Amino acid sequence: MELSGAQIIWECLIREGADTVFGYPGGTVINLYDALLDYPAIHHVLARHEQGACHMADGYSRASGRTGVVIATSGPGAMNLVTGLANAMLDSIPMVAITGQVRSNLLGTDAFQEIDVTGVTLPITKHNYLVQRPEDIAPAIREAFAVARTGRPGPVLVDITTDAQKARTRFNWEAGVPQRHLRHIPKEPAEASLEQACKLITHAKRPVILAGHGVRLSGAETELIALAEKLNIPVITTLLGISDLPASHPLNMGMLGMHGESWTNKAVQESDLIIAMGMRFDDRVTGDLKTFAPHAKKIHVDVDQSEIDKNVKVDVPIVADLRAVLTALLPRLETMEHADWLSQIRSTKGEAQAEAILSHEGLIQAPQVIHEIWKATEGKALMVTDVGQHQMWEAQYYKHEVGLITSGGLGTMGFGLPAAIGAKMGRPDREVWIVAGDGGFQMNIQELMTIIQEGLKVNIAVVNNGYLGMVRQWQELFYDKRYASTPILSPDFVKVAAAYGIAGETVSRYEDLAPAIQRARAASGSYLVEFRVEPELSVFPMVPAGASLHDMLRRPARAKSAAKKKGAQR
Amino acid sequence: MSHVFVVYTDDEPGVLNRVTSLFRRRGFNIHSLTVGPTEHSGVSRMTIVVETDELGAKLAHAHLEKLFNVQRVEQLSRFPSIVRDLVLLRVKADPDIRPQIMQLATAFRAAVVDIAADSLILECTGSAGKIDALLDVMRPYGILEIGRTGAVAMARGAGFYGVQSSYTASESITPQR
């Protein structure tokens, strides 16, 4: 069957199961979009900015577990994907980006809208391709999907010249069976490592499991819970590990790290065994490496060999797919109790958080917003956040039963709104909330139009404190309150939403919180609530960058007054 | 210390860029890098010499293996191996001292490959140490130009080496011996 390169691209996407794609047309993908009209099976979501499209594909992938697809034109279109690709790369999200490129005879000539896209995206993709012939399109796209999903997932970019899209060739799907990715299929866990791990686990008195994003990426949630329950080992999660098990699970102790809770960070520091699963000892997780978990032996399970010993020297590395490792470990281990250890951690769990949201005087405290959304949704909403203070408060105060989608590795402001759109399209059955700050929300605010265009129901909480809050917090704590460029003006968010066709309201009193959240949920369409909150509240606990994990700035006793008068207490 | 990697890659445009980019972003200085074809078409072989500590070498190895176009990596500094460099050397040589230089060259088993009125070109293969020694000896006569390939390396002995069959190669990260 003779098809144009453009038609071949769609044929491949359909066969790879990509029925929803996100993108933005332009000169070098005009052939591709022309052919799209003949493929009604594909739902193309027109974003308002390529960065938005890229984060949508990312959010779609995180919510649905499928490979996200984003399309952009050459030059500026492809450059606008860069942040989104980097975000997906650092959080290991399987994605395929298809970009148009100038005619092959113009390559390297600085032609109109020509950029060396494979060069620019080399370090922020798992792999990329420059395709100049129509017959090379199908093999490249097939391999791209295979690479994106194999081993540690990640984004793959396929840059296709206009002449390759235009020319016709015989479409041969079967001939393009990908093979080279087979080199990167994870190996079975090594027998010796499993035995060593079992020995350490059997002898540990104060073990903790550190669960990261890898649990979800490997689809090992059930196995993780089974192992934790059999051995009665507390599970402490990273930010991206929050989705690994329900917050209500009795062994889930919460998040660790820079804004982790005191009881989790303390448990890690006092533990005698760390079982790290699909997490990479990021500096936001470990604090000072020299004093990190000094008494603990370490077992590190990761599918990526290059993560082993990168930050923390481990005693037993197991390089394999996490699910395979958990499945192999389960029958080898006997039931254990760890009653004293568990009750030691549980004795302080939750107290500090509860106190911080008690006071209902004066301005709304941002954690109260999160707490009320949690109460209303019973923890069952699919939460999507932007980046900053609200992101940390969301992680602390929303008790996730379903899942959290957030930008972990790159910390990309502007991620939340488009990612939530992608997430809702990936899981239309879920109630989706986006929590964003006043700063980040303005970074991709144009995607409000995409919500209306797609007829989506998402609930938007803009936590407005009038500052770029996380930077302001650092300025307060470490830069003598010199607030350089962190006070930020915002438009009337409710009016902006209304202009896009989205209903909403502003809330500035505590007693209006719950009713507003209820109205948002009950509204037939998307709904935006702007919460005007205490401007100078900081996220606690906090481990200052480079400090030891146990060396936390704790929540001031009475959140507001103490923070204002004395600054934070050690 | 210096670490020697032999890397088998797909013979495709851009692969060299991917490999060097990996070292660049981690701030490793590549001491030398050579690329050439192998006994199998479609497969290239690189010899890379990098200055780094043990952990750096271990991570570099893991990162090389992660590159999609990399088929196999051997870390030769861990095994007895042969490392060779080739140098072309233009030395100032007026006719009266030419015999003296040629005699010295013989001692290094260097070949005279070109003779001009006032200079000659020597070609010498050997370990980096041997070539450095040759350069030291020639320096007093006046070295006009040096062209050096950088290391090409191969493990000694009867291990399972070379390009392995199809795409299952990454199983043996390091040679089994």
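Predicted model: local features only at pLDDT ≥ 70, side-chain atom pairs only at ≥ 80, totals over all residues.
**View 1. The fold of chain B.** Chain B holds 4 helices and 9 strands, taken as DSSP runs (H or I, at least four residues, for helices; E, at least two, for strands) and numbered from the N terminus. Read from that end, the order is β-α-β-β-α-β-β-α-β-β-α-β-β. Of the 177 residues in chain B, 43% are buried, meaning under 20% relative accessible area (1.4 Å probe, protein chains only).

**View 2. Where chain B meets chain A.** Here 21 residues of chain B are in contact with 20 residues of chain A, with contact meaning heavy atoms within 4.5 Å. About 1,900 Å² is buried between the two chains, and carbon and sulfur atoms give 54% of that area. This buried area is the accessible area (1.4 Å probe) lost on putting the two parts together, summed over both.

**View 3. Salt bridges across the interface.** The rule finds 5 salt bridges between chain B and chain A, each a side-chain nitrogen of Lys or Arg within 4 Å of a carboxyl oxygen of Asp or Glu. Have a look at D10(B), which pairs with R180(A) in a salt bridge whose closest N and O atoms are 2.7 Å apart. The most come from α2(B), with 7 residues.

**Notes on the model.** Residues are numbered from 1 along each chain as its sequence is written, and chains are lettered from A in the order written. Local features need pLDDT of at least 70, side-chain atom pairs count only at pLDDT 80 or more, totals for chains, interfaces and linings use all residues, and side-chain values use heavy atoms, with hydrogens and water left out.

How values were computed:
Buried < 20%, exposed > 50% of the residue type's maximum accessible area, 1.4 Å probe, protein only.
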